[in-house]
Amino acid sequence: MGIIRQLAAKESAFSLEFFPPKKDMPMSTVYFAIDRLAVRQPVFVSVTYGAGGGNRDRTLEVVSRVSSMGLDAIAHLTCVGATPATISEILDTLEAKGVRNVLALRGDVPAGMDRETAFTHYRHATDLIAEIKKRPGFIVAAAAYPEAHVESPSLEQDIEYMKLKAELGVDLFITQLCFDTGAVINLYERLYKEGVKTPVVTGIMPVLNPNQIIRMALLSACSIPAPLSKIISRYGEQPEEFKKAGLDYAVRQIALLMEHGINKFHLYTMNKAEEIDQILIHSGLVKR
Ligand code: FAD
C-alpha cells in the first residue's frame, strides 16, 4: 500500500526523517538509527537533501537502502542549482531503485552562491512540483509552515501558495518544525476553511539541545513558547535534565495535537534513535 493510502487507513501514524552524514563522515550513524527505528514501522522514511545538492549521492544512497528494507522512502529534492536534466536524472535513479516519492522543496541559497545562480531554472517549489508531476506515478510532497515561511509576509500568503501546490497535484504536506502547538492547530483549521483536502503530517522536532533549538528557531523564524523557554532557562546548563524535559515537551505536544484530532506526525529524528523511540513510546504512537 502506498504512503497516501496508508496515512488515510490509519487512525494515527508517524513517519521519520533522517539526514545523510557529510561526505567525509561514516554512514554508520544514519544506518544505525534507521535500523533501530525501522522495527517501529513508520509509514515512510524521508531523507534530506544537502543545500546545494553537494551531498546528493548520499541522499540517494540512503533512500535506496531504506527502500531495500521494504520501507516507503521519500527523497527530498530542492530547486538549488537544479536543471530539467538533473531533475530528470535524479527521478530516473529513484525509479530504478523503486522509489517514486519525492519531497519537492525550493531550498535556500547556499553560502557563496547568489540567488540567481541558485534558482536559475526553478524559482519556487511550485516550479519543481510542476516539473516532477510531468512524470506519472510519482508521489510529490511539499513543505508547509504553521508560523509562515521566514520570507513570507503572512500566513495568508503562505496558504495561497499551499493552495497552488495542492492545485498542482501535491499529494502530501509536511510541516516545518513548530514548538507552538496552537499555531499547528490554527494551520489545520485555516486549511479546512480554505477547502484544502491534501493530507498533512505534522513535523515534530525533538527538543534535545538548548543551543540547537534556539539556532533552529532563529533560522526558521519559529517561536519558542513560554513552557519551552522555561525548560531552556531551567535546564539549559544540565544536559540530561534538559533532554528529559525536552522529550517530555515533544510527547505533550503530540498529546495535545491528538486531542484536537491531529494524529499524523513526521518526526525529525536528527538521526537519534533512542530519543525518538522514547517519544514514540511515551506518546502512544507505538507500543513498548
Ligand atoms: P517555497 O514553497 O518556494 O516557498 C518559499 C517562499 O516563497 C515562501 O515565503 C512562500 O510563501 C513563497 N512562495 C511559494 N511559492 C511561490 C510562488 N509560486 N511564487 C512566489 N512566491 C512563492 N531544505 C533543504 O535544503 N534540504 C532539505 O532536505 C529540506 N527538507 C525540508 C523538509 C521539510 C519538511 C521542510 C518544512 C523544509 C525543508 N527544507 C529543506 C527547508 C526548505 O528548503 C526551506 O524552508 C526553503 O526556504 C523553502 O522551501 P519551500 O519548498 O517551502 O519553498
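Mentor: What follows is a close look at the ligand and its surroundings, with two further residues at the end.

This is a predicted model, in which local features need pLDDT of at least 70 and side-chain atom pairs count only at pLDDT 80 or more, while totals for chains, interfaces and linings use all residues. Residues are numbered from 1 along each chain as its sequence is written, and side-chain values use heavy atoms, with hydrogens and water left out.

The ligand sits in the largest pocket; a pocket is an open set of points, on a 1 Å grid over the protein atoms alone, where a 1.4 Å probe fits and protein lies on both sides within 12 Å along at least five of seven lines, and a molecule sits in it if more than half of its atoms lie within 2 Å of its grid points. There are 25 residues around the ligand, and those that come nearest are Asp108, Tyr145, His149, Asp158 and Lys165 (a residue is near if one of its heavy atoms lies within 4 Å).

Some atom pairs can be followed one by one. A backbone N or O atom of Arg106 is 2.9 Å from an oxygen atom of the ligand, and a backbone N or O atom of Ala125 is 3.1 Å from a ligand oxygen atom. With Tyr161 it is a polar side-chain atom that lies 3.4 Å from a nitrogen atom of the ligand. Taken alone, the ligand exposes 970 Å², of which the protein buries 87% (areas come from the Shrake-Rupley method with a 1.4 Å probe).

Which elements give two or more residues to the shell around the ligand? They are strand E3 (73-78), strand E4 (101-105), helix H6 (125-132) and helix H7 (155-167), where helices are DSSP runs of H or I with at least four residues and strands are runs of E with at least two, numbered from the N terminus. The largest share of this shell, 4 residues, is given by H7.

The buried residues of H6 are Ala125, Thr126, Leu128, Ile129, Glu131 and Ile132. They pack against E3, helix H4 (84-96), E4, strand E5 (139-144) and H7, with contact meaning heavy atoms within 4.5 Å.

Now consider Glu194, which has its place in the loop between helix H8 (181-193) and strand E7 (200-204). Because its relative accessibility is 39%, Glu194 counts as partly exposed. When residues up to four places away in sequence are not counted, Glu194 touches Ile159 and Lys163. The C-alpha atoms of Glu194 and Ile159 are separated by 8.6 Å, although these residues are 35 residues apart along the chain.

A buried example is Ser15, found in strand E1 (residues 13-18), which counts as buried because its relative accessibility is 1%. Its side chain and that of His266 are joined by a polar contact of 2.7 Å (a pair of N or O atoms within 3.5 Å). Leaving aside its neighbours within four places in sequence, Ser15 is in contact with Pro42, Val43, Phe44, Phe265, His266 and Leu267.

Methods: Polar contact = N/O pair within 3.5 Å; in protein donor to acceptor, adjacent residues only side chain to side chain. 1 Å grid on protein atoms, 1.4 Å probe; cavity = no way out; pocket = protein on both sides within 12 Å on 5 of 7 lines; lining within 4 Å. Buried < 20%, exposed > 50% of the residue type's maximum accessible area, 1.4 Å probe, protein only.
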